[in-house]
Amino acid sequence: MNTAHPRLNFSTAEITGATVHEKRCTVADMQGYYRDEPARQHLDPGKLVYRVQAWLPAPEGQEGGLFLGTTLIEPGRVGDEYFMTKGHFHLNRNRSEFYITAAGSGALILMDENGRTVFEPMRPGSIHYIPFHCAHRVANTGDSLLSFLACWPSDAGHDYGTIASRGFSARLRNINGTPALVEVA
Ligand code: PAN
Ligand code: ZN
């Protein structure tokens, strides 16, 4: 079992150590996620949108373990939408998750299986509980790096396909300088 202990930086939530894996997501990887696709194509495809540092001390998919991960989202926009994570449901729909914000300001966007979408503002110290059966995505609504720590069950799994094909029922857009959810027609 891979349990060498990583270290947490409490100001940024960055986790470091030999057992931490990093996943990067660039503008090119976000194809199809934004309303304004031409605006996305105008950006450098190699530009970093977010990265995830994850510590998986149990085998993926095994019941009973916990995973810890930090997501760092760059400030930026694509049209009037913010740099954000792809978003997903958990493959096992009845698996929940904690998010704890370390730095920056953002929004946790939640959509239940009836397609009802809401958001919770994120700021340093805010604790968010993602109930089971809810798709989740985070947008960086500020002008500095947004970082948050997450903890989820090792058998949650990630269903990206549902969001990639159908999206959320509402988009978080910058309307006259303020983040607002706008229903998708
Ligand atoms: C998080 C997310 C992370 C990146 O660790 O995986 O914020 O978002 P996407 O996975 O949607 O690209 C989490 O919710 N884990 O379950
Ligand atoms: Zn999740």
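**Exercise 1. Work out which strands each supply at least two residues of the nonpolar patch.**

Solution. Start with the strands: β9 (97-103) and β12 (127-130) each give the patch at least two residues. Strands here are DSSP runs of E with at least two residues, numbered from the N terminus, and helices are runs of H or I with at least four. Next, the members: F98, I100, I127 and Y129 make a nonpolar surface patch of about 410 Å². Areas come from the Shrake-Rupley method with a 1.4 Å probe, and for residues only the protein chains shown count as cover.

A quick word on the model: it's predicted, so local features need pLDDT of at least 70 and side-chain atom pairs 80 or more, while totals for chains, interfaces and linings use all residues. Residues are numbered from 1 along each chain as written, chains are lettered from A and ligands numbered from 1 in written order, and side-chain values use heavy atoms, without hydrogens or water.

**Exercise 2. Decide whether A39 is buried or exposed, and find what it touches.**

Solution. Now skip neighbours within four places in sequence: A39 is in contact with V78 and G79 (heavy atoms within 4.5 Å). Finally, A39 and V78 sit 39 residues apart in sequence, yet 5.7 Å apart in space, C-alpha to C-alpha.

Note on methods:
Patch = residues over 30% accessible without salt bridge, like charges linked within 9 Å, V, L, I, M, F, W, Y side chains within 5 Å. Salt bridge = Lys/Arg side-chain N within 4 Å of Asp/Glu carboxyl O.
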